[in-house]
Amino acid sequence: LRTFATKFNTEPKDGIGFLVERGVITESSAAAVAKTLVSQSGSLSKKKIGEYLGNGDVFNQEVLSKFLEEYSFQVWSPQTPHKLCVMLRPPTLKSSV
């Protein structure tokens, strides 16, 4: 999984593709991708996780939904947004100015 982390931290889709090629996860399984991102989050770039989950593709949005299901946000507290930002770093928005 070290090779996966290196590839993901360079280009997230390449990292996911690496796992699909090796049969570790199936590309059609958003739940499997989300579980992998959660289980490997300690070795993955938070920025790259944010970029991958923030991509507008339908599949990436499904992965985002499954990713969030992996965490307990049942009870909202003032720390909830902080917990989310610790798990991933949202991509920065580009200014059109």
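Which helices do the buried residues of α2 pack against? The model before us is a predicted one, and in it those residues contact α1 (2–10), α3 (30–39) and α4 (46–54). Helix α2 spans residues 12–21, and its buried residues are Pro-12, Gly-15, Ile-16, Phe-18 and Leu-19. They lie on the same side of α2, because the arc they cover around the axis is only 150 degrees. As a general point, an α-helix has 3.6 residues a turn, so residues three or four places apart point the same way. After α2 comes Gly-23, with a positive phi near 75 degrees.

I turn next to α4 and helix α5, residues 58–69. Their axes are 7 Å apart and the packing angle is about 120 degrees; the two helices are therefore oblique to each other. From α4, the contact involves Ile-49, Tyr-52 and Leu-53; from α5, Phe-59, Asn-60, Val-63, Leu-64 and Phe-67. Of the residues in this contact, 7 are nonpolar, 1 is polar and none is charged.

Finally, the salt bridges, of which the whole structure holds 5. One of them pairs Lys-13 with Asp-57, with the closest N and O atoms 2.9 Å apart. Since Lys-13 belongs to helix α2 and Asp-57 to the loop between α4 and α5, the pair ties together parts 44 residues apart in sequence. Lys-13 is partly exposed, at 42% relative accessible area, and Asp-57 is also partly exposed, at 33%.

Another salt bridge joins Glu-70 to Lys-35, the closest N and O atoms being 3.5 Å apart. This pair links the loop between α5 and α6 (80–87), where Glu-70 sits, to Lys-35 in helix α3, 35 residues away.

Definitions and conventions: Residues numbered from 1 in each chain as written. Predicted model: local features only at pLDDT ≥ 70, side-chain atom pairs only at ≥ 80, totals over all residues. Heavy atoms only, no water. Buried < 20%, exposed > 50% of the residue type's maximum accessible area, 1.4 Å probe, protein only. Helix = DSSP H or I, 4+ residues; strand = E, 2+ residues; numbered from the N terminus. Arc of directions from axis to C-beta. Contact = heavy atoms within 4.5 Å. Axes fitted to C-alpha atoms, helices over the stretch in contact; angles between N-to-C directions. Parallel < 35°, antiparallel > 145°, perpendicular 65-115°, else oblique. Nonpolar A, V, L, I, M, F, W, Y, C, P; charged D, E, K, R; others polar. Salt bridge = Lys/Arg side-chain N within 4 Å of Asp/Glu carboxyl O.
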